[in-house]
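Dear colleague,

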Amino acid sequence: MIDLFSEFPKLGDALPHAQLADLPTPVERAEGLGDAVGVDQLYVKRDDVSGKRYGGNKIRKLEFLLGQACADGAAEVMTFGCAGSNHATATAVYAQQVGLRSISMLLPQPNARSVRRNLLLSYHCGAELHAFEKVATCDARVQAELKRHRVETGKEPAVIPAGGSSALGSVGYVNAALELAGQVARGEMAKPDIVYVAAGTCGTAAGLMVGLRAAGLDARVAPVPVTDARFVNAAKMAELATETAALLAGRDPAFPAMVFSADEMGLREGFLGEAYGLYTEESVAAMRLFEDAAHIGLDGTYTGKGAAALIADARAGRLRGKVVLFWNTYNSRDFSEEIGGIDYRNLPRAFHHYFEEEVQPLDR
Ligand SMILES: Cc1ncc(COP(=O)(O)O)c(C=O)c1O
């Protein structure tokens, strides 16, 4: 069910959409976890089960991004990320489901077991995988690869930005916020005061801000940066939120006009650690606590760092008396059987080292 289309029916005709996700995702009270960290009312939005085969936050964006690619008659999609990118993997999974082939242009990242799993699943879904050492070398190859594919297939692949974070991709999280507003209205949770969410390329948090404002839900989003400032910063997030709202208002005048400024983004800095993809002691401790107190499996790159921010704020007394929502954006579907028999040596050679070298020490 797409709440955005129920609230703004014209958007149902104006926005191509591929039905991929199982919506609404549940919202659950995590009492034991709340007690453990000192939050009276702590809830978790279960986007980890947003898709049957591969959950997490990317499927909501892909409903619109792949919907558009299909409407444009594309046969292939090209996207970008780091080697273990959840976005690139989700794109491979769901592009295949809608009959498109995917091409992933991938940069290096610290090794982790999740990197291996995601690479294998992307390969299993028929993704064409390319490895690059640097952003500049990747950028330099994009045009040549697009051309090669156009010559081979007769059509240029549709390009999906890193993390699916364009205005169109962010619409998936406008819908998610309206979905949450519906759950609040139905009494499935108390109205949240603050929503913690990991921020990698800004689209999830930007979409939530637009959707919460459209729903008239006075909740503050606390985006927790887990990539460096080139990819997450307040100016970029505000611009993306403004563009997302403008896209929707442009397609349906009933959608309220909105402008966002950098100083209202409220980024919760300080939890990235040394680099993207490197786990921190705090993220590992947060993962352990969520697992022990609520049986929620987080990851060390994104949600562990987001949860670490929530825990630090709770322990500092900043969340006293507040209704707090943690948006779980990490896939929890087990796909180990699907990838069990795959030999990593079938992947391009440049990816073999992820399987041959140790994972980072904190990935225990
Ligand atoms: C598990 C997970 N959580 C959060 C994010 C951040 O989302 P966004 O890139 O929209 O900021 C990502 C992707 O980057 C992700 O894979």
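What span should the 14 residues of helix α11 have, and how far apart are its end C-alpha atoms? At 1.5 Å a residue (the expected span being 1.5 Å times one less than the number of residues), α11, residues 281-294, should span 20 Å, and its end C-alpha atoms are 20 Å apart, which agrees.

Please note that this is a predicted model, in which local features need pLDDT of at least 70 and side-chain atom pairs count only at pLDDT 80 or more, while totals for chains, interfaces and linings use all residues. Residues are numbered from 1 along each chain as its sequence is written. Helices (H or I, at least four residues) and strands (E, at least two) are DSSP runs, numbered from the N terminus.

The buried residues of α11 are S283, A286, M287, F290 and A294, where buried stands for 20 or more other C-beta atoms within 10 Å of a residue's own, exposed for 12 or fewer, and partly exposed for in between, with C-beta atoms placed from the backbone. These buried residues pack against α3 (31-37) and α12, contact being C-beta atoms, placed from the backbone, within 7 Å. The face turned away from the buried side of α11 carries the exposed residues E281 and D292, and α11 is followed by H295, whose phi is positive, near 55 degrees.

Best regards

Terms used: Two residues are in contact if their C-beta atoms, placed from the backbone, lie within 7 Å.
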